Amino acid sequence: MKIALMDSGIGLLAAAAAVRRLRPDADLVLSSAPDSMPWGPRTPEDVTERALAVARAAAELRPDALIVACNTASVRALPALRAALEPSIPVIGTVPAIKPAAANGGPVAIWATPSTTGSPYQRGLIGEFADGVEVTEVPCPGLADAIEHGDEPAIELAIAAAAELTPKDVRDVVLGCTHYELVAERVREAVRQPGASAPGLYASAPAVAAQALRRIGAEAAPDAAPTGGLTVLLSGRTGNLSDIALGYPEGRLLQKVTVSR
């Protein structure tokens with residue numbers, strides 16, 4: 001079994017780690033183009049062109065499925081990716097976990113990139129899955145880029161700025177960018193109020209990983225032998241997990257559990 005994941009940069013680590021936890025025996029292909037990151041400010045046409053290049057590099061290795069582990073690419077390029085690769089390779093997009101968060105009744109905050117915040121796409125999801133629930137859209141300028149580069153001071157500043165925009169009574173926080181999942185606990189602590197319970201965090205990685213297995217008719221087998229291989233593609237060229245990627249728990253999990261190939 002081989003599962004490919006694509007993103008502009010290391011935002012795919014969270015979904016890759018989720019797949020690895022479900023199937024330690026699965027081969028993983030991580031395809032990205034960090035030199036073109038971030039994709040958020042780019043035009044839809046530019047994002048689509050770059051996403052297709054990253055996806056086609058992964059497709060050359062004949063995976064059983066491709067996870068688009070990027071909210072921006074899912075919003076702007078998913079139809080083009082499916083048209084290019086399906087039905088040979090099932091393509092699984094990433095959707096912010098608004099529905100399960102809203103099921104708790106709110107208030108809910110959605111942390112997302114500035115380009116996604118207030119977008120018709122996100123507003124559509126809110127209208128469909130959170131009708132009648134108090135929802136605050138929180139733009140997080142610079143956070144994804146800071147996470148990508150492992151810039152600790154910038155990460156702290158961006159999280160603090162977004163926390164200031166988050167209502168004090170928020171019950172749940174949706175992480176609307178895959179990069180944010182790499183600093184999830186720091187987000188939780190930033191919005192936690194003194195004397196109050198920590199808010200719930202809703203990320204996309206576990207659901208996306210489970211959906212990928214369903215699409216190929218595979219069962220979760222977390223106790224399987226950790227024999228899965230790892231291939232890292234950087235703009236189509238074989239590489240390795242960067243030191244920055246290994247600075248996050250998800251990257252270290254992949255390095256520890258996976259047999260490199």
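I took contact to mean heavy atoms within 4.5 Å. The model I worked from is a predicted one.

**Entry 1: A18**

I started with A18, which sits in helix α1, residues 13-22. Leaving out residues up to four places away in sequence, I found that A18 touches A205, P206 and A209. I then looked up the C-alpha separation of A18 and A209 and got 5.9 Å, although the two are 191 residues apart along the chain. Is A18 buried or exposed? Its relative accessible area is 9%, and because the cut-off for buried is under 20%, A18 counts as buried.

**Entry 2: nonpolar cores**

Next I looked at the largest nonpolar core, which has 50 residues. Which members touch the most others? I noted L30 and W111. Helix α1 supplies the largest share of this core, six residues. I also logged a second, separate core of 22 residues, with A51, V54, L66 and A73 among them.

I then checked strand β2, residues 27-32, and found six of its six residues buried. D27, V29 and S31 point one way from β2, while L28, L30 and S32 point the other way. In a regular strand the side chains alternate between the two faces of the sheet. Strand β1 (residues 2-7) pairs with β2 in the parallel sense over six bridges. For A4, I found the bridge partner in β2 to be V29.

**Entry 3: the four-stranded sheet**

I traced an open sheet of four strands in the order β6-β5-β7-β8, with parallel pairing. Which strands stand at the edges? They are β6 (135-139) and β8 (200-202); each has a single partner strand, so one side of each has no neighbour in the sheet. The twist from one strand to the next averages 25 degrees.

The bridge partner of D172 in β8 is G200.

I also looked up L201 in strand β8. Apart from neighbours within four places in sequence, L201 is in contact with V173, A184, E185, V187 and R188. As a further check I took V68, 133 residues away along the chain, and got a C-alpha separation from L201 of 21 Å.

**Entry 4: helices across the sheet**

Helix α5 (residues 120-129) lies across β5 (108-112) and β6, and I noted an angle of about 160 degrees to β6. Helix α8 (residues 184-191) lies across β5, β7 and β8, running at about 140 degrees to β8.

**Entry 5: helix α7**

Helix α7 covers residues 152-165, 14 residues in all. Its first and last C-alpha atoms are 20 Å apart, close to the 20 Å expected at 1.5 Å a residue.

I found I155, A158, I159, A162 and A163 buried in α7. Why do they lie on the same side of α7? They cover an arc of only 135 degrees around the axis, which puts them there. The face turned away from that buried side carries the exposed residues P153, L157 and E164. Finally, I looked up what covers the buried residues of α7; the list includes β5, β6, α6 (143-149) and α8.

How values were computed:
Residues numbered from 1 in each chain as written. Predicted model: local features only at pLDDT ≥ 70, side-chain atom pairs only at ≥ 80, totals over all residues. Heavy atoms only, no water. Helix = DSSP H or I, 4+ residues; strand = E, 2+ residues; numbered from the N terminus. Buried < 20%, exposed > 50% of the residue type's maximum accessible area, 1.4 Å probe, protein only. Core = buried A, V, L, I, M, F, W, Y, C linked by side-chain atoms within 4.5 Å. Pairing = 2+ DSSP bridges. Axes fitted to C-alpha atoms, helices over the stretch in contact; angles between N-to-C directions. Expected span 1.5 Å × (residues − 1). Arc of directions from axis to C-beta.
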